[in-house]
Amino acid sequence: MGVSPEGVDGDDPPNEGTALSVRPGSMKPVLLLDVVQTSAAVGATRSRKEKVAHLADLLRRAWEEHGTGGGTPSESLAAEEVDVVACFLSGRLRQRRTGVGWRGLASLPEPAAEPSLTALGVDGTFASLGSISGAGSQARRAEAVAALFGAATVEEQAWLRGVATGEVRQGALDALLQEAVAAAAEVPLASVRRAAMLSGSTLAVVRPAFAEGVEALDAVRLEVGRPVSPMLASSAPDVPAALAKAGGDEVAVDAKLDGIRVQVHRDGDDVLVVTRSLDDVTSRLPGVVEVARSLDATSFVLDGEALLVDDAGRPRPFQETASRSATQEGSPTSTLTPYFFDVLHLDGADLLDSPGHERAVALERLVPVAHRVARRVTADPDEAEAFTRQVLADGHEGVVVKDLAASYAAGRRGAAWVKVKPVHTLDLVVLAVEWGSGRRKGWLSNIHLGARDGDGFVMLGKTFKGMTDETLAWQTERFTELAVDGASSHVVRVRPEQVVEIAFDGVQRSTRYRGGVALRFARVVRYRDDKAPHEIDTIDTVRSML
């Protein structure tokens, strides 16, 4: 029998869009349990080699157990299955919207005793859930969700809930998935990486890697209008360390703007603007589109930042920039302004493999200084330090030191670009802690942070960053001792006694917390037993850092 996600007649024959369907003959479908157990194995190990091996084994199974033959139904089915399995292993669904959230998963049916769900069938069910609309859609969706989860085992229910709500944490990042695809499809890793960066997605290259091999991967080229995975920067604690890491006698030191990363494609009058995650925001950023159309070229791909600035040209808080980028409305005075720092294509010429100094020349010829990120090219550490101080004084968040001999390594984080940002720290108190999941299951992990407010405390946010296994073990024991209501609930309230030193990138306004502010990118530096709660930083100190 098959699950009927759209509320159709239960007598309909099962097909690949139903979660319980089983294919005929000797073909062995990949069960959802196979995905769940692989995901758990990946999350349970810290070994990169073992993670890749687990991922590659299941990808290989998804492809090989359907026979071969050009264009045969089994090969087509294998290609579809390997796509789905790769997506599930990355902790995501192929569907952007399913209509299923935490509220719809608050009460689940009893789990099944035996596994029967297939990966392809579950994918088809989620696709059907996303298409439900019209009168009675809420009831039909709830019925389909109940049927899906009722056919899932305990393990499968937990994983399905996580993937439906975006909470799967297993450590299978894109870089690991690329290594697994290369190993399972027996193609060079370099070819997988390059094809993925040029197509903007690792998942986009899974099927061609298996079906057509290295020739198909190497045939992928940059296309104006198709987003490219952006190049990323590694980190250094200060400018001298960044200079040493980037290497070379002469480097470019760029201002690091606290804005929205944008990649701008123009082909004639057609302009596409995407974010770092390659989401299309063209309609939301009319100011960026206007600048792109004003440039003297027919086609190009530019990399940069868009941010809100005041009348004096100083950046507004990131929260205001983010808010403006999320809406299509606004007056001309609140339009985000683009500032570009790289060019990947110009009038028919791809520049990805060109050294940084050649791309810099092309950028200067194309983009006027008013829309270029401030840059200082130097081999003098003192000059680089002085420029960094000026950038910080201008209200920006730091600098990026760039090797001018390096090509544009799209989608990669390496030593060619190294960011330096001042580190802020606060001494705060832990107000509560949450039980972890995935590799952190069984440990108290995510801590709630509070600043002093008179005789009490006010929350500033949460973090699970910066914790080693030793830290997790220690804090599980410590916060179990401090638990106010016991440690059985997911969020464990604790006596506000443990002081923790927190590093963070900045402070932003927040309506979520009573104090009106929240920390950005908070992470644990160390626990402090040398300080008492009455000695921690105050909410006024935090507000002064806005």
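Colleague: Is Glu186 buried or exposed, and how does one read its relative accessible area?

Modeller: The model before us is predicted. A residue counts as exposed when its relative accessible area is over 50%. Glu186 has a value of 71%, so this residue is exposed.

Colleague: Where is the place of Glu186?

Modeller: Glu186 belongs to the loop that lies between α7 (174-185) and α8 (189-199).

Colleague: What is the phi of Glu186?

Modeller: The general idea comes first. Most residues other than glycine have a negative phi. Glu186 is not a glycine, yet its phi is positive, at about 55°.

Colleague: Which value has the phi of Phe521, a residue other than glycine?

Modeller: The phi of Phe521 is also positive, near 55°. Phe521 sits in the loop between β17 (517-520) and β18 (523-528). With a relative accessible area of 54%, Phe521 counts as exposed.

Colleague: Which residue with a positive phi follows α6?

Modeller: That residue is Gly166, with a phi near 75°. Within helix α6 itself, which covers residues 154-164, the buried residues are Glu156, Gln157, Trp159, Leu160, Gly162, Val163 and Ala164.

Colleague: How many residues are in the largest nonpolar core?

Modeller: The largest core here has 91 residues, and the members that touch the most other members are Leu32, Val35, Leu59, Phe88, Leu160 and Phe210. Take Leu59 as an example. Apart from neighbours within four places in sequence, Leu59 is in contact with Val82, Val85, Ala86, Leu89, Leu177, Ala180, Val181, Ala184 and Phe210. There is also a second, separate core of 28 residues, among them Val430, Leu460, Met467 and Ile539.

Colleague: How many cavities of 30 Å³ or more does a search of the whole structure find?

Modeller: A cavity is a space where a probe fits but cannot get out. The search finds one of 30 Å³ or more. The largest cavity has a volume of about 70 Å³.

Colleague: Which residues line the largest cavity?

Modeller: The lining consists of Phe341, Asp342, Gly356, Arg359, Ala360, Arg375, Lys402, Asp403, Leu404 and Trp417. At least two lining residues come from each of β6 (337-346), α14 (356-366) and β9 (398-403). The largest share, three residues, is supplied by α14.

Colleague: How many helices and strands has the protein?

Modeller: The protein has 17 helices and 18 strands. Of its 546 residues, 50% count as buried. The accessible surface is about 25,500 Å², and 49% of that belongs to carbon and sulfur atoms. Finally, consider contacts between residues at least 6 apart in sequence: 71% of these join residues at least 24 apart.

Terms used. Residues are numbered from 1 along each chain as its sequence is written. This is a predicted model: local features need pLDDT of at least 70, side-chain atom pairs count only at pLDDT 80 or more; totals for chains, interfaces and linings use all residues. Side-chain values use heavy atoms; hydrogens and water are left out. Helices (H or I, at least four residues) and strands (E, at least two) are DSSP runs, numbered from the N terminus. Buried means under 20% relative accessible area, exposed over 50%, partly exposed in between (1.4 Å probe, protein chains only). Contact means heavy atoms within 4.5 Å. Accessible areas come from the Shrake-Rupley method with a 1.4 Å probe; for residues, only the protein chains shown count as cover. A nonpolar core is a set of buried Ala, Val, Leu, Ile, Met, Phe, Trp, Tyr and Cys residues joined through side-chain atoms within 4.5 Å. On a 1 Å grid over the protein atoms alone, a cavity is a set of points where a 1.4 Å probe fits but cannot get out, and a pocket is an open set with protein on both sides within 12 Å along at least five of seven lines; lining residues have an atom within 4 Å of a point. Grid points are joined across faces, edges and corners, and a volume is the space filled by probe spheres set on the points.
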